[in-house]
Amino acid sequence: MGQWRTVKARALLRCLESIGWEVVRQRGSHRILSRPGYPNYTFAFHDKDEVGPKMLSRVAKHTGLQPEDL
């Protein structure tokens, strides 16, 4: 958990898009992301929200995100 840092949700979404995730639909602040080989992931953060290290590790578990990707 010590390797993750706090980032804004908008920056996290850009990082996910850079590793192959794409937004397939959106309703309010909930975005459904898709990537081949992974189940869909619901990205439910407002753009200006701060996402802390613990939540980043949870996101990484489902999306394949690595600390180097940030």
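**Hairpins, salt bridges and aromatic pairs**

Strands S2 and S3 make a hairpin with two residues between them, and glycine 28, sitting in the turn, has a positive phi of about 65°. As the model is a predicted one, this and everything below is read off computed coordinates. The two strands run antiparallel and are joined by five bridges. Within this pairing, arginine 27 stands opposite histidine 30 in S3.

S3 also takes part in a second hairpin, this time with S4. Here six residues lie between the strands, and glycine 37 takes a positive phi near 90°. The pairing of S3 with S4 is again in the antiparallel sense and covers three bridges. Arginine 31 has phenylalanine 43 of S4 standing opposite. Both of these residues turn up again below, arginine 31 in a salt bridge and phenylalanine 43 in an aromatic pair.

Now for the charged side chains. There are three salt bridges in the structure. One of them brings together the side chains of glutamate 50 and lysine 8, at 3.2 Å from N to O. Lysine 8 counts as partly exposed because its relative accessibility is 40%.

Aspartate 47 is the residue to look at next. Its side chain meets that of arginine 10 in a salt bridge of 3.3 Å, N to O. This pair, too, links distant parts of the chain: arginine 10 belongs to helix H1, aspartate 47 to the loop between S4 and S5, and 37 residues separate them. With a relative accessibility of 42%, arginine 10 counts as partly exposed, and so does aspartate 47, at 25%. Aspartate 47 forms a further salt bridge with arginine 31, where the closest N and O atoms are 3.0 Å apart. Again distant parts of the chain are linked, from the loop between S4 and S5 to strand S3, 16 residues apart. Arginine 31 has a relative accessible area of 11%, so this residue is buried. Put together, Arg10, Arg31 and Asp47 are linked in a network of salt bridges.

On the aromatic side, the count comes to two pairs. Tryptophan 21 and tyrosine 38 form a tilted one, 5.5 Å centre to centre with 50° between the planes. The partners come from distant parts of the chain, 17 residues apart: tryptophan 21 sits in the loop between helix H1 (9–18) and strand S2 (22–27), and tyrosine 38 in the loop between strand S3 (30–34) and strand S4 (41–43). Tryptophan 21 is buried, at a relative accessible area of 2%, whereas tyrosine 38 counts as partly exposed, at 33% relative accessibility. The other pair, phenylalanine 43 with phenylalanine 45, is edge-to-face, with 5.1 Å between centres and 70° between planes. Both phenylalanines are buried.

That leaves threonine 63, which lies in helix H2 (residues 53–63). This threonine counts as buried because its relative accessibility is 0%. Leaving aside residues up to four places away in sequence, threonine 63 touches Leu16, Ile19, Trp21, Arg35, Tyr38 and Tyr41. Among these contacts are Trp21 and Tyr38, the two members of the tilted aromatic pair.

Notes
Residues numbered from 1 in each chain as written. Predicted model: local features only at pLDDT ≥ 70, side-chain atom pairs only at ≥ 80, totals over all residues. Heavy atoms only, no water. Phe/Tyr/Trp six-rings, centres within 6.5 Å; stacked < 30°, edge-to-face > 60°. Helix = DSSP H or I, 4+ residues; strand = E, 2+ residues; numbered from the N terminus. Buried < 20%, exposed > 50% of the residue type's maximum accessible area, 1.4 Å probe, protein only. Contact = heavy atoms within 4.5 Å. Pairing = 2+ DSSP bridges. Salt bridge = Lys/Arg side-chain N within 4 Å of Asp/Glu carboxyl O.
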